[in-house]
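I opened the file to look up a few packing details. My entries follow the display.

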Amino acid sequence: MNKAKLLRRVSSLAFSMQEFRLFLDTHPDDADAQQLFNTYQKKYEAAKEEYEKQFGPLTLNGYNTDEWLKDPWPWDNADNG
């Protein structure tokens, strides 16, 4: 699967999970909705894992480093006029 298609899949699964969360806020005893939420959550985790294996992390969770601190800041450059 190409990058754009896989990212679209991850995004659509995340959207579905959000919609189920909102529904479950008002229908907390709906077992079918809870089961569907759990199913979509597993699909989301699998798609996210596949994306991250191929193209790198989607979020900072677990991947946050301080490498960006080593770059010069804009005011560190003498060429800033």
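**Notebook: helix packing**

I started with Phe20 and listed its contacts beyond four places in sequence: Phe20 touches Ala33, Leu36, Phe37 and Tyr40. I note that the model is predicted.

I then looked up which residues of H1 are buried. They are Leu6, Val10, Leu13, Ser16, Met17, Phe20 and Leu24. I checked what these buried residues pack against and found helix H2, residues 31–55.

Next I looked up the largest nonpolar core. This core has 11 residues in all: Leu6, Val10, Leu13, Met17, Phe20, Leu24, Ala33, Phe37, Tyr44, Ala47 and Tyr51. H1 and H2 each supply at least two residues of this core. H1 gives the most, with six residues.

I checked the length of H1, which runs over residues 3–26. At 1.5 Å a residue, its 24 residues should span 34 Å, and I read 35 Å between the end C-alpha atoms, which agrees.

At the N-terminal end of H1 I looked for a cap. Asn2 caps this end, with a side-chain oxygen 3.2 Å from the backbone nitrogen of Ala4.

My last entry is on a lysine of H2, Lys48. Is Lys48 buried or exposed? I read a relative accessible area of 15% for Lys48; buried means under 20%, so Lys48 is buried. Leaving out residues up to four places away in sequence, I found that Lys48 touches Val10, Leu58 and Thr59.

Definitions and conventions
Residues numbered from 1 in each chain as written. Predicted model: local features only at pLDDT ≥ 70, side-chain atom pairs only at ≥ 80, totals over all residues. Heavy atoms only, no water. Helix = DSSP H or I, 4+ residues; strand = E, 2+ residues; numbered from the N terminus. Expected span 1.5 Å × (residues − 1). Buried < 20%, exposed > 50% of the residue type's maximum accessible area, 1.4 Å probe, protein only. Contact = heavy atoms within 4.5 Å. Polar contact = N/O pair within 3.5 Å; in protein donor to acceptor, adjacent residues only side chain to side chain. Core = buried A, V, L, I, M, F, W, Y, C linked by side-chain atoms within 4.5 Å.
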